[in-house]
Amino acid sequence: MCAAKAITGNLFERRTVSVLAPLPLAGPYDYALPEGLDVAPGDFVEIPLGRQTQRGVVWGNATGEVDPAKLRDIYGVLPAAPMPAVTRRFIDWVSAYTLSPQGAVLRMAMSVSDALDAPKPVFRFGLAHGLTESQANIRMTPARKRILSLLADHPSLEQADILQETGTTASVLKGLVEAGMVRREQVAPPSPFALPDLSIPRPDLSEDQEKAADLLCEKVAAGGFSTILIDGVTGSGKTEVYFEAVRAALAQDKQVLVLLPEIALSAQWLQRFRDRFGVEPALWHSEVGQARRRETWRAVADGSARLVVGARSALFLPYRDLGLIVVDEEHEHAFKQEDGVIYHARDMAVARGHLGGFPVMLASATPSLETLANVEAGRYESVVLGQRHGVAVLPSVEIVDIRVDKPERQRWITPTLKQRLVETFEAGEQAMLFLNRRGYAPLTLCRACGHRFQCPNCTAWLVEHRAWGKLQCHHCGYSAKIPDACPACGAEEKLAPCGPGVERLYEEAIQTFPDLKVEVATSDNIAGPKAAAALVERVHNHEVDLLIGTQILAKGYHFPMLTLVGVIDADLGLAGGDLRAAERSYQLLTQVAGRAGRGERPGTVLLQTADPNNRVIKAIAAGDREAFDKVELSERMKYGMPPHGKLAALIVSGKKENEVDEAAWRIGRVAPRGEGIVVLGPAPAPLSLLRGRFRRRFLLRTDKSVRVQAVIQDWLSRVKTPGSVRVQVDIDPYSFM
Ligand code: ADP
Ligand code: ZN
C-alpha cells in the first residue's frame with residue numbers, strides 16, 4: 001500500500017518508523033519494518049508493546065532514540081483508511097497545548113479500535129446469464145424457480161431479502177450459486193448515512209437573519225480559516241441562521257460538525273435538523289452503542305457521513321474533508337473535559353478550523369467573556385441578532401426579595417410567585433420552576449447532636465434522594481440507605497433535611513396546587529434522548545402544567561405555552577465565588593429566563609433573591625448584557641484574570657495524604673518566578689478529598705505574553721514526584737474545585 005509514499009530509515013540497515021500508541025505515552029516509539037512491508041504516515045498498524053499486541057498509528061520517521069538493530073518489527077498494517085494528516089497534526093497540537101501525552105490524545109481519536117478491522121463482507125446475488133437449465137444440470141424445484149423469477153426482476157439483491165421474498169432457505173440459494181445459475185458478489189457495505197437533501201427550501205428569514213446568514217455563507221464560500229460569533233438573544237433564530245452555513249458547506253461537498261453541549265437532551269433540535277436536511281445526522285456521544293460507533297467512525301473516515309452532530313469527543317473523529325464546525329451554546333462549561341486530557345472543546349474546535357483551513361462558528365445568547373474579548377481584539381468576527389423571531393418578545397424579568405416577600409417556614413415559593421402561578425394556570429398556560437439542585441435536600445442533619453452526613457470518599461455532603469430512599473454523593477456516586485437513627489448519637493426520628501432540592505419543591509408544589517399536573521425533570525429521570533423527547537411531547541400536549549427542573553431544562557427547549565419561569569434561588573450560583581461564578585450565573589439565569597414566552601404569549605420571569613442589589617441579578621432584570629459584561633471584564637482586568645491574563649492549574653493527588661503533601665511541597669519549592677508570573681499554592685483543593693484521593697492545587701497566573709506551557713514544562717521537569725502521586729495540568733481552568 002502507498003509504496004510511493006513509503007518512508008524508510010537507513011537503506012543499508014533495517015528500515016524504521018515511529019509509531020504512536022493510544023496509551024499515556026509521551027510520544028511515538030520506533031519500530032522496524034519487516035521485509036516486504038511498506039507503510040506511510042497515518043497507517044494504522046499492529047505492533048508489539050511490552051508483552052502485548054497494540055494498535056497504533058505510524059507517526060513519521062524513526063526518532064533514532066534506540067539502536068535500529070534492537071527494534072522490534074511492526075506486525076502488519078490494518079485494513080482501515082489511514083489517519084488523515086490534519087488529524088495527526090491536531091493530535092500533536094492538542095497534546096502540546098494541554099500538556100497531555102500525545103498517546104493520551106491519540107486514544108480519544110482511536111476510541112473505536114475495532115473500526116480498524118475490515119467491515120463484515122456484504123454479498124449480493126443476481127442472475128448469471130448465459131447458462132440454461134439443462135446446461136446447469138440442476139433439477140428445477142418450485143423453490144429454485146421462485147428465486148430465479150425474483151432475480152429476473154432485480155439486478156441484484158441481498159440474501160436476507162431473497163429468502164424473505166421467496167420463503168426459501170439459504171441452502172436453496174447456495175445450490176443455485178454452485179450450479180452457476182446465480183452469481184454472488186461482494187460489494188462495499190452501504191453507508192448507514194443518507195446524503196442530506198439540499199433542495200429543501202429554507203424558511204423565510206427576517207431581514208436581520210438574512211444578513212447574518214449571508215455573511216456566514218460568504219465565509220463558507222470563501223473558504224479558509226475564520227472564527228465567527230453568532231451573538232443573538234434566546235429565540236432569535238441563531239439555529240436557523242447557522243443551518244444556512246451548514247447547507248452551504250454541504251453544497252461544497254464538505255463534511256460538517258455541529259457540537260452541542262448536551263446532545264442526549266437535544267430532541268427538539270434534532271427534529272429541526274431532520275426537517276431542514278431531510279436526513280438523520282451521524283450522532284456521536286457517549287450513549288451511542290458500539291456497533292453504531294464503528295459504522296460512524298468508518299463513515300466519517302470514508303466521507304459518507306456528511307453531517308456529524310456530537311459532543312466534544314466528535315472533534316477527534318478522522319474526517320476525510322471537514323469544512324465547517326459550529327459550536328452551539330459556546331459559553332457552556334460542558335465543553336470543558338475535566339478528566340483525562342483536560343481540554344475545552346470550543347477552543348480546540350477553533351484550533352481544528354485553523355489547521356484544516358475552514359470557518360468555525362460559535363453561537364450563544366450569552367457569549368463567554370473569552371470569546372467577547374476575541375471579538376473585541378478582532379481575532380473573531382461577529383454577527384448580532386438582537387430580537388426574537390416573529391411576534392415573540394423577550395420576557396420581562398422581575399425581582400422578588402425573599403427577605404420581604406417571605407415564603408412560609410420550610411417552604412420556598414414566595415406569595416408573589418404563588419400568585420403569578422395561579423394566574424398563569426388560570427390563563428391555561430404553563431410554568432416552570434427552576435432550582436439547580438437534584439434530590440430532596442442538599443444536607444441532612446441530626447437535630448439531637450448536629451451530626452451531618454458526609455461522603456466517606458469526598459469533601460461533600462450527602463444529598464438525600466427521598467424517591468430512592470437514599471443519601472447520595474453527587475461527586476463519586478457513593479450512596480447509603482437513609483438510617484432510622486443518627487449514626488453518631490443514636491437518636492431516633494431526629495434526622496432533618498436542610499434546604500430544598502427539586503424533590504422537596506415538588507412536594508410543596510403538589511400540596512399548593514393539588515389539581516395540577518406537576519412534573520420534575522433532572523438528569524436523574526431525563527437521562528437520554530428518548531426520555532427528553534417524551535418530556536417534550538408531554539409538555540406540548542399540555543399533559544404538564546408545572547415543570548420543576550434543574551439546569552437540564554435551562555437550554556434548548558422551546559415550549560410556546562410556557563409563559564412563567566420562577567427561579568427559586570437566584571443566589572445559588574453566586575455562592576462559592578470562583579472566577580466565573582458571576583458570569584456563569586448570568587448565563588444560566590439568562591438561559592432559564594429564555595424559556596419563557598417563546599410563542600405568541602409574552603413571558604415573565606421571577607427571580608427570588610435575598611440579594612436584590614447584586615449586579616448579576618440587576619443586570620438580568622434590566623436585560624442589560626452589555627453593562628454586565630463591561631463590569632465583569634473590568635473586574636477581571638483588575639486582577640489580571642482571563643481573558644486579560646492566562647491561568648493554569650496543577651492538581652496534585654494521591655491516596656496517601658502525606659505523600660500528596662510532600663509532593664506538593666516539592667513542586668512548590670521550585671515554582672516559577674519572573675516578570676508577569678504569579679503562583680498561588682499549594683493549597684488544599686475545595687474538594688480536598690475526591691473519590692478517595694487527596695488533592696492539592698496550584699494556580700498559575702501569567703500575563704498574556706507568557707508562554708504558559710513552556711513555563712509549566714520547565715517547572716515540572718525540575719521536580720521528581722513518586723509514581724503514586726498524580727500531577728494533572730489544567731490549562732485555562734474552569735473548575736476550581
Ligand atoms: P435561538 O437558537 O436563537 O434560540 P431558534 O433558532 O431556536 O433561536 O429560533 C427560535 C424559534 O423561532 C424556533 O422555533 C424557530 O423554528 C423559530 N424561527 C426562527 N427563525 C425563524 C424563521 N425565519 N422562520 C420561521 N421560524 C423561525
Ligand atoms: Zn463522594
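An oxygen atom of ligand 1 lies 2.8 Å from a polar backbone atom of glycine 235, a polar contact being a pair of N or O atoms within 3.5 Å, where within protein one must be able to donate a hydrogen and the other to accept it, and residues adjacent in sequence count only if both atoms are side-chain atoms. This is a predicted model, in which local features need pLDDT of at least 70 and side-chain atom pairs count only at pLDDT 80 or more, while totals for chains, interfaces and linings use all residues. Residues are numbered from 1 along each chain as its sequence is written, chains are lettered from A and ligands numbered from 1 in the order in which they are written, and side-chain values use heavy atoms, with hydrogens and water left out.

An oxygen atom of ligand 1 is 2.8 Å from an N or O atom in the side chain of lysine 238, and a nitrogen atom of the ligand is 2.8 Å from a polar backbone atom of aspartate 204. Taken alone, ligand 1 exposes 550 Å², of which the protein buries 79%; such accessible areas come from the Shrake-Rupley method with a 1.4 Å probe, and for residues only the protein chains shown count as cover. The ligand is surrounded by 16 residues, the closest being Asp204, Gly235, Lys238, Thr239 and Arg272, where a residue is near a molecule or strand if one of its heavy atoms lies within 4 Å of it. This shell divides into 3 nonpolar, 8 polar and 5 charged residues, with Ala, Val, Leu, Ile, Met, Phe, Trp, Tyr, Cys and Pro counted as nonpolar, Asp, Glu, Lys and Arg as charged, and the others, Gly among them, as polar. Helix 8 (residues 238–251) gives the most to the shell, with 3 residues; helices (H or I, at least four residues) and strands (E, at least two) are DSSP runs, numbered from the N terminus.

In the loop between helix 8 and strand 10 (255–259) is aspartate 253, which has a positive phi of about 65 degrees although it is not a glycine. Most residues other than glycine have a negative phi, and most peptide bonds are trans. A cis peptide bond, with omega about 5 degrees, joins proline 642 and proline 643, and proline 643 is found in the loop between helix 18 (625–638) and strand 29 (646–654). The bond from glycine 681 to proline 682 is also cis, with omega near 10 degrees, and proline 682 lies in strand 30 (residues 677–690).

Turning to the sheets, an open sheet of 6 strands has the order 18-28-27-19-26-25 with parallel pairing, two strands being paired if DSSP finds at least two bridges between them. Its edge strands, strand 18 (396–401) and strand 25 (518–521), each pair on one side only, and the twist averages 20 degrees from one strand to the next. Strand 18 is joined to strand 28 (residues 604–609), parallel to it, by 6 bridges, and isoleucine 399 has leucine 607 in strand 28 as its bridge partner. Helix 15 (residues 529–540) packs on this sheet, touching strand 19 (430–434), strand 25 and strand 26 (546–549), and its direction makes about 155 degrees with that of strand 25. Contact here means heavy atoms within 4.5 Å, and axes are lines fitted to C-alpha atoms, for helices over the stretch in contact, with angles running from 0 to 180 degrees between N-to-C directions.

Another open sheet, of 3 strands, has the order 21-22-23 with antiparallel pairing.
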